[in-house]
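Here is my notebook from an afternoon of looking at one structure.

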Amino acid sequence: MPSLDDLKKRIKSVKSTQKITKAMKMVAAAKLRKAQDSAERGRPYSEKMQNIILNLTKSVSDPENAPKLLIGTGKDKIHLCIVMTADRGLCGGFNSNICRLAKNYFKKILNDGKELKIVAVGSKGLDQLKREYGNYIIKKISFKDRKKITFKEADVVGKVILELFSEEKFDKCILFYNNFKNVITQIPQAQQIIPVEIAKKSESDIEKNFYEFEPDEDEILEDLLPKNISTQVYKAFLENAASEQGSRMTAMDNATRNAGDLVDKLTINYNRSRQASITKELIEIISGAESL
Amino acid sequence: MSENFNLEIITPEKPIFKSETNQVTIPSFEGLMSILKDHISLVTFLRPGFIEAQSQKGDEKFFVEEGTVELNNNNLLILSSSVKNVKKMSKKEIDAMIQEAERAFNNKDIKDKEKYILSYKIDTLKEITV
């Protein structure tokens with residue numbers, strides 16, 4: 001049985017932990033609102049861009065000679081995986097979920113005898129991946145010192161991808177990130193960005209639009225596709241940021257609640273042992289008086 | 001009959017402009033292009049320049065470095081990561097941008113296409129008076 005003093009100390013320490021988790025939850029909630037806002041505001045851009053690309057690809061006259069970014073290199077040998085995680089921990093299963101999805105994918109393609117290359121964005125994912133897949137990591141990117149992720153940062157990642165592609169270092173590029181559905185649900189996702197995956201619609205669904213292209217389709221695609229890569233990366237950044245805060249908020253909410261439960265339990269224990277010692281003292285006094 | 005059509009300018013961060021206009025001039029990659037109502041459906045991309053939108057409420061002018069334009073059914077959509085409202089640009093900001101562009105321009109390794117874009121960027125920036 002721990003002494004009264006020990007119990008008192010433990011209650012105090014749990015209480016101060018609770019204060020920290022509570023504060024973190026509030027901060028996460030405030031940041032979440034902002035992140036969610038910017039994720040929602042960023043959606044039109046990427047959606048519209050996808051639309052334009054969809055329209056363009058339909059009109060490409062000569063699919064054989066279309067830009068490589070669109071149709072790929074025609075091989076399926078080397079996979080480049082961009083694993084996007086947070087730079088901070090204490091956000092529940094956020095980072096582990098992405099890493100788990102990525103690891104499953106790595107296993108699959110390695111079993112298929114394909115080559116794997118990893119670009120780790122964010123330091124937490126790197127920590128989790130480097131133990132098992134350290135040899136495959138070809139680049140590490142972290143924006144730990146930036147306060148806010150803007151399109152510029154996404155562009156940096158986009159440029160890295162494009163450079164590797166132009167050097168023909170990979171055939172397929174897949175982006176791993178958490179899609180923000182709502183505060184408690186975030187879905188880890190693998191999105192293929194090179195070659196562009198086009199949502200297949202039946203012919204009848206698509207309105208036939210006839211566009212005039214100036215200059216021609218190929219040149220527009222050549223201008224647009226690299227931008228699309230950065231846009232997709234940026235979208236992933238935004239979704240990730242919102243997911244991270246949402247995930248942290250739920251995790252910290254749970255932690256606060258658990259700490260509360262623990263304090264209750266400890267307080268009962270404390271009261272019991274205090275009562276026990278009082279009773280013990282009384283018994284001693286009474287039996288002392290009786291013996292007289 | 002109204003002569004208006006919709007203009008929407010969207011950056012990756014947020015949509016920044018949405019309004020009815022009756023004429024928009026855009027710096028298309030192959031030259032300036034003015035768009036009126038019932039223009040044919042069009043997809044093109046931009047070089048550095050000004051987007052000028054005219055409407056009853058007054059004119060708006062934006063500086064743009066690059067972008068993609070889609071016009072369909074009287075909806076003009078401009079996607080760009082570098083749109084700035086000219087009114088909101090400061091002298092200091094412009095000077096810094098000119099300096100950076102000139103430095104890049106004087107770099108001998110750049111390709112002709114980049115040079116073409118940069119020269120437009122410098123010229124456009126110099127045109128802005130604050």
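Before starting, I noted what a contact is: two residues touch if their C-beta atoms, placed from the backbone, lie within 7 Å. I also noted that axes are lines fitted to C-alpha atoms, for helices over the stretch in contact, and that angles run from 0 to 180 degrees between N-to-C directions. Helices (H or I, at least four residues) and strands (E, at least two) are DSSP runs, numbered from the N terminus.

**Entry 1: ground rules.** This is a predicted model, where local features need pLDDT of at least 70 and side-chain atom pairs count only at pLDDT 80 or more, while totals for chains, interfaces and linings use all residues. Residues are numbered from 1 along each chain as its sequence is written, and chains are lettered from A and ligands numbered from 1 in the order in which they are written.

**Entry 2: the sheet.** I looked up the strand order in chain A and found an open sheet of five strands, S3-S2-S1-S4-S5, with mixed pairing. Pairing here takes at least two DSSP bridges between two strands. A:Asn179 stands opposite A:Ile187 in S5(A).

**Entry 3: helices on the sheet.** H6(A) lies across S1, S4 and S5 of chain A, at about 35 degrees to S4(A). Next I checked H3(A) (residues 94-111) against H4(A) (residues 123-133): their axes come within 9 Å and cross at roughly 30 degrees. Among the residues that meet there are A:Phe106 in H3(A) and A:Tyr133 in H4(A).

**Entry 4: two chains.** How many residues does each chain give to the contact? I found 22 from chain A and 21 from chain B. On the side of chain A, H1(A) gives the largest share, nine residues. S6(A) runs parallel to S5(B) (residues 42-46), and three bridges join them. A:Phe213 has B:Val43 as its bridge partner in S5(B).

**Entry 5: domains.** Chain A is divided into domain 1 (4-21 + 253-291) and domain 2 (30-251), with bounds from an automatic or database domain assignment. The C-alpha centres of these two domains lie 53 Å apart.
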